[in-house]
Amino acid sequence: MRWLDRLVRKPAEAPVAKKMAAAFNAVQRGDHASALAIWEPLAQMGVARAQNNIGACLAEGRGVEHNPELAFRWLTLAAEGNDPVGQRNLAALYFRGLGVAQDYRRAAELYRLASEQGDGPAQDMLSWMLLEGEVIEPDVAEAQRWALAAAGQGIASAMTRLGMLHHNALGVARDPAEAARWWRRAAFLGDADGQAMLGAACHLGAGVEADAVTALAWLLRAEARGSSLATRYMAAARAALSADEVAEAVHRAAQPLPEVTP
């Protein structure tokens, strides 16, 4: 009888998908108020993603007044409805202590639930928490596992972290070439710290052939995006170049990055 169940359910599911698509289009136009008007009845019906979306808007003040306490209530419903994005966004509230008492352990639990459902940003955050070990117990092997999962979904910051694992021999053998490979992938996706570390590798000739102009170009990109890692190498990278070479590096850094597939 499962085929009959599917036929019975189909007419009810289709309108929800159509309304969610209309709300998505409204968000793309920057019209959060219209999106919220679509999501609200769906959320009241128990559609977990709609509950998440309302909670996210309340948490960020998009199209509605900033209200972290109400965001917490909606996101709790979404997380309980097993929506991975809702679990990830609720984890962020616990992590930040926004609308609820700060609770790193509960945040990690929720990030793990979302990670196990394949949510890339949650995998990246869980990896970071496990590697840093400041708010939960460190576990380098698990940090690497989740970083690999996130990197597989194109999360650039996870790629940079994998580079750092190989650079610092954390849970893996030290491998400068593998570190540089991950930093290069992250750098072309626009991750500032990945660009800084690739610049440093090019400056030092660690894992890649030394190239002083390319090194400064990556460091300049990283600095422009706010990476503090770039600062420590900037002076030495500039000092290694002539004025014309510095000008060439500045020119390269100003060019748009090519489109790449994560």
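At the start of H12, which backbone nitrogen does a side-chain oxygen of Asp211 reach? In this predicted model, the atom in question is the backbone nitrogen of Val213, to which a side-chain oxygen of Asp211 comes within 3.3 Å.

Helix H12 itself covers residues 212-224, and because 13 residues at 1.5 Å a residue should span 18 Å, the separation of 18 Å between its end C-alpha atoms agrees with expectation. The helix is mostly covered, with 10 of its 13 residues buried. After H12 comes Gly226, which has a positive phi, near 95°.

Helix H9, formed by residues 156-168, likewise has its length described by its end C-alpha atoms: its 13 residues reach 19 Å from the first to the last, close to the 18 Å expected at 1.5 Å a residue. Buried positions in H9 are Ala156, Ala158, Met159, Thr160, Arg161, Leu162, Gly163, Leu165 and His166. These buried residues pack against helix H7 (120-132) and helix H8 (140-151), and also against helix H10 (176-188) and helix H11 (192-204). Just after H9, a positive phi of about 55° is found at Ala169.

Technical notes
Residues numbered from 1 in each chain as written. Predicted model: local features only at pLDDT ≥ 70, side-chain atom pairs only at ≥ 80, totals over all residues. Heavy atoms only, no water. Helix = DSSP H or I, 4+ residues; strand = E, 2+ residues; numbered from the N terminus. Expected span 1.5 Å × (residues − 1). Buried < 20%, exposed > 50% of the residue type's maximum accessible area, 1.4 Å probe, protein only. Contact = heavy atoms within 4.5 Å. Polar contact = N/O pair within 3.5 Å; in protein donor to acceptor, adjacent residues only side chain to side chain.
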